[in-house]
Amino acid sequence: MPLVSLQLERFRCIHEATLGFDNRYNLIVGANASGKTSLLEALYFLGRGRSFRTRRLDRVIQQGQADFLAVGKVLNPPVTTVLGLRGSRGATEIRVAGATATSAAELALHFPPQVIDPDVHKLLEEGPTRRRRFLDWGVFHVEPFFMDAWQRYHRALRQRTAALKTGAAGGLGAWNAELALAGELLAERRGAYLDLLGPFVADIGQRLLQAKVELAYHRGWAAGVPYSQALEEGGERDQRYGITHLGPHRADIGVRVDGLAAKERVSRGQQKLLAAGLILAQVALQETYTAGRSALLLDDPAAELDPENLERFVDVVRTLPVQLFVTSLRQDLPGFGVPGAMFHVERGVVRAA
Ligand SMILES: Nc1ncnc2c1ncn2[C@@H]1O[C@H](COP(=O)(O)OP(=O)(O)OP(=O)(O)O)[C@@H](O)[C@H]1O
Ligand SMILES: [Mg+2]
């Protein structure tokens, strides 16, 4: 479902832009600080309801302005769906097909963007939060109902944590039961998803790094133990500290390269390639479910990779039937072919070339 157009107002340095896109390959060219990443960020916002650069809404609103506006049209023949976002200092209003949406997930069902930017290595380098988000995004696109299981689990977790903090009499039994049920379901869906993702990671890992790349799933509590039992056994410790120590909210994905933890095995450049490979694997898997639906945003891919690695990376990207938005300092970006649409950005002004 390609994005056919974007109308953007007061977003970072871009005061106003109305753009029509190619359904295959869009190249965004401009000097440093011209507004290239800002445009990708707006596209990401349109599908995810948030930025990939900041958690603060006021940062993306153009300086001195009160709000930003982004309206995109997504084509799923014969239907065109209008996605609309208005971000003000307080909140983001989302509209999908003329109706107010209650969650950003509604945007993603129409326009699911993935981004690979110079910070991509953080997926491997930082703590598990990013990896859990990566995992949950993947499960959600294979099974949209996963969202309900996710919310149910986190609601139960909040309730149990509140009971721990107030030291509620009557024990944790009732909270444990609901949490265990929701937690088992969540962990099981994540595990099933990673089983599907594994072969894609192995294939793309081989092509990018010429190495054996494997994922290990840590579901957040000991293997072979029912979650209800883990909660019960950990109850005393949880009460002492007022938090739930074990469960899917502590899940993680381990990444191994030729049998060793990725962090110990690979260079910084390879780490970027590997993290990008995980995202590409996720897109490749997603495309087997809903072909031609994903959008891939590549922020300056030529900046971080040497020519040989860039070629390998581009070779993988080109096999994916996604809508591409690529930024570059130069318009002759090697490997990607001839863009269907090209944009020049200069001091926040975007022009179709
Ligand atoms: N809220 C804002 N309002 C106005 N301008 C902003 C805002 N936030 C950032 N900018 C400015 O927008 C400009 C463009 O930033 P952006 O990151 O999009 O550039 P870029 O083209 O990706 O550059 P590079 O090639 O260096 O990555 C910068 O000069 C930045 O200071
Ligand atoms: Mg940039």
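Helix 7 (residues 173–209) packs with helix 11 (residues 268–289) at an angle of about 140 degrees, and their axes lie 8 Å apart. This is a predicted model, in which local features need pLDDT of at least 70 and side-chain atom pairs count only at pLDDT 80 or more, while totals for chains, interfaces and linings use all residues. Residues are numbered from 1 along each chain as its sequence is written, and chains are lettered from A and ligands numbered from 1 in the order in which they are written.

**The helix pair**
- Helices (H or I, at least four residues) and strands (E, at least two) are DSSP runs numbered from the N terminus.
- Axes are lines fitted to C-alpha atoms, for helices over the stretch in contact, and angles run from 0 to 180 degrees between N-to-C directions.
- Helix 7 and helix 11 are therefore oblique to each other; angles under 35 degrees count as roughly parallel, over 145 as roughly antiparallel, 65 to 115 as roughly perpendicular and the rest as oblique.
- Among the residues that meet are Leu196 and Phe200 in helix 7, and Leu273 and Gly277 in helix 11 (contact means C-beta atoms, placed from the backbone, within 7 Å).

- Six strands form an open sheet with mixed pairing, in the order 8-12-13-3-14-15 (strands pair if DSSP finds at least two bridges between them).
- Strand 8 (113–116) and strand 15 (349–352) are the edge strands, each pairing on one side only.
- From one strand to the next, the twist averages 20 degrees.
- Strand 3 (residues 25–30) pairs with strand 14 (residues 341–346) in the parallel sense over five bridges.
- Ile28 stands opposite Phe343 in strand 14.

**Helix meets sheet**
- Helix 11 lies across strand 8 and strand 12 (295–298), running at about 160 degrees to strand 8.

Technical notes:
Contact = placed C-beta atoms within 7 Å.
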